[in-house]
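Please keep the sequence and the structure in view while reading.

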Amino acid sequence: MLRRTLAARADVAMKVDVTRIGQPRWRSLRDEHSKVDIKAWVDGVTMDSECLEQLRACAQLPVVFKHIAVMPDVHYGKAATVGTVIPTIGAIIPAAVGVDIGCGMIAAETTLRADDLPDSLREMRTHIEMLVPHGRTHNGQKGLDAGGWRGNPPERVKQVWKNELKPGFDKLVARYPRLAFTNNDNHLGTLGTGNHFLEVHLDEKDAVWLMLHSGSRGVGNAIGFSFIELAKQDMGRHLANLPDQDLAYIKEGSNYFNDYMEAVLWAQNYARLNRMLMMESMINALRKTKGIPPFKAVGKAVNCHHNYVQNEHHFGQDVWVTRKGAVRAFADELGIIPGSMGTDCYIVRGKGNPESFCSCSHGAGREMSRVQARRTFSIQEHTAATEGIECRKDKDVLDETPMAYKPIAAVMDAQSDLIEIVARLKQIVCVKG
């Protein structure tokens, strides 16, 4: 039923208005070893040689269908580049799906306006930080880590875990007992670390938006790494034929395929619910802030994955589409493309471009590694780049400074045939993991 429903939805998306898409913006990166083409939307943005090597390695796999689509935020990742759409037939590559399964974004417009907010946003940021556990301490120990619930989730989280997630999780644990020792319910409704964030924004009409970025946390990580290793085992002697052993794939009908799909769909649902719970907490944080008038969210929140896999229908075939750092952009479908912690973010509408497998970028994309960013930029430079934003301005967030990322304006321009901009947002509060 799931497969048929997704295929039907994708069929509708493929009926696109060519005049709306405009001139193609992609160029081919394939070489003589590529079994399929590599279509890249990278005009005007940087892409290093390591990315190109990863892309060409992936294009050698016999299970890849038609071509690989490369988004303008592309950068180096584990086995496969981040910012890539990899369609496959009869198999899935767990390392391409990644270990933060279901990572994505949620954004909601509110009835608040800029003039409803206090002059100082420090209290608002403090309430957000208090209501949403973030970061990681004590090596992630369940009862001690400040980035989780320290073994005692609130009632709302317990309810969602019990009703929405526990039944499926128990089935997974019955077959993979080590998952029982993960931070599963203890991480539900929490942010994580790295580039995950909680933000308050203003749009061009001064409406207040709430936005956040997170995924399936510790339990998704455990699922991802487990099946990357199981894929290698499943390939056996054929593993040696791969350009990178982390590109091991699980074939339909093999020992672990159904188990992996069950686990990955569960983790994607966990990630969606995780974002929903944090959005509820952010709304409560604003309501606790002195001087904020009564408000509500406007319409339905945009809640989209950008690290995931699902079955879709493209170019006349049912295929497994893995978006590793890419957002689905079917015709008229809404998505979210954030910049960095000091630049614009965008609500976008897909154009349903078949050449990108109806996809767009998931953000600005890193221009330099975390280590390089820490060595390159000073606290003073970071402070200047985040002027006017209520956020941390210390050495521990230098790896997330705006200068470590590609210019979001160039990224948006490079994919003008994939999406159109619905709203441009600018953050005024940013909480990092």
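In which helix does L286 lie? L286 belongs to helix α8, which covers residues 257–288. Helices (H or I, at least four residues) and strands (E, at least two) are DSSP runs, numbered from the N terminus. The model is a predicted one, in which local features need pLDDT of at least 70 and side-chain atom pairs count only at pLDDT 80 or more, while totals for chains, interfaces and linings use all residues. Residues are numbered from 1 along each chain as its sequence is written, and side-chain values use heavy atoms, with hydrogens and water left out.

## Overall form

The protein chain contains 11 helices and 17 strands. Its C-alpha atoms fill a box of roughly 60 × 50 × 45 Å along the principal axes. For 433 residues, a compact globule would have a radius of gyration near 22 Å, and the value of 21 Å for the protein chain agrees with this. That radius is taken over C-alpha atoms, and the globule rule is 2.2 Å times the number of residues to the power 0.38.

Of the 433 residues, 58% are buried. Here, buried means under 20% relative accessible area, exposed means over 50%, and partly exposed lies in between (1.4 Å probe, protein chains only). The protein chain exposes about 17900 Å², and carbon and sulfur atoms supply 50% of that area. Accessible areas come from the Shrake-Rupley method with a 1.4 Å probe; for residues, only the protein chains shown count as cover. Among contacts (heavy atoms within 4.5 Å) with a separation of 6 or more, 75% are between residues 24 or more positions apart.

## Nonpolar cores

A nonpolar core is a set of buried Ala, Val, Leu, Ile, Met, Phe, Trp, Tyr and Cys residues joined through side-chain atoms within 4.5 Å. The largest one has 108 residues, and I223, F227 and W266 have the most contacts inside it. Helix α8 provides the largest share of this core, 10 residues. A second, separate core of 26 residues includes L121, A285, L286 and V429.

Residues up to four places away in sequence aside, F227 touches P94, Y176, I250, Y256, D259, Y260 and A263. L286, in the second core, has a relative accessible area of 0% and is therefore buried. Beyond its neighbours within four places in sequence, L286 is in contact with L112, M124, I128, V200, L210, I292 and F295. L286 and I250 are 36 residues apart in sequence, and their C-alpha atoms are 45 Å apart in space.

## Two serines

S356 is located in the loop between β15 (344–350) and β16, whereas S359 is in strand β16 itself (residues 359–361). Why does S359 count as buried? S359 is buried because its relative accessible area is 1%. S356 is likewise buried, at 0%.

Polar contacts are pairs of N or O atoms within 3.5 Å; within protein, one must be able to donate a hydrogen and the other to accept it, and residues adjacent in sequence count only if both atoms are side-chain atoms. The S359 side chain makes such a contact with the side chain of R323 at 2.8 Å, and a polar atom of the S359 side chain lies 3.1 Å from the backbone oxygen of F357. The side chain of S356 reaches the backbone oxygen of N353 at 3.2 Å.

With residues up to four places away left out, S359 touches M71, V85, R323, V327, R328, A329 and L418.

## Cysteines and partly exposed residues

A search of the whole structure finds 0 disulfides, a disulfide being a pair of cysteine sulfur atoms within 2.5 Å. The sulfur of C51 has its closest cysteine sulfur in C58, at 13 Å, so the two are too far apart for a bond. The table gives the accessibility of each.

| Residue | Relative accessibility | Class |
|---|---|---|
| C51 | 1% | buried |
| C58 | 3% | buried |

E50 is found in helix α3 (residues 49–58) and is partly exposed, with a relative accessible area of 42%. E50 and Y76 are 26 residues apart in sequence and 6.5 Å apart in space, C-alpha to C-alpha. L144 lies in the loop between α5 (122–131) and α6 (155–175). At 39% relative accessible area, L144 is partly exposed; apart from its neighbours within four places in sequence, L144 is in contact with T137, H138 and R150.
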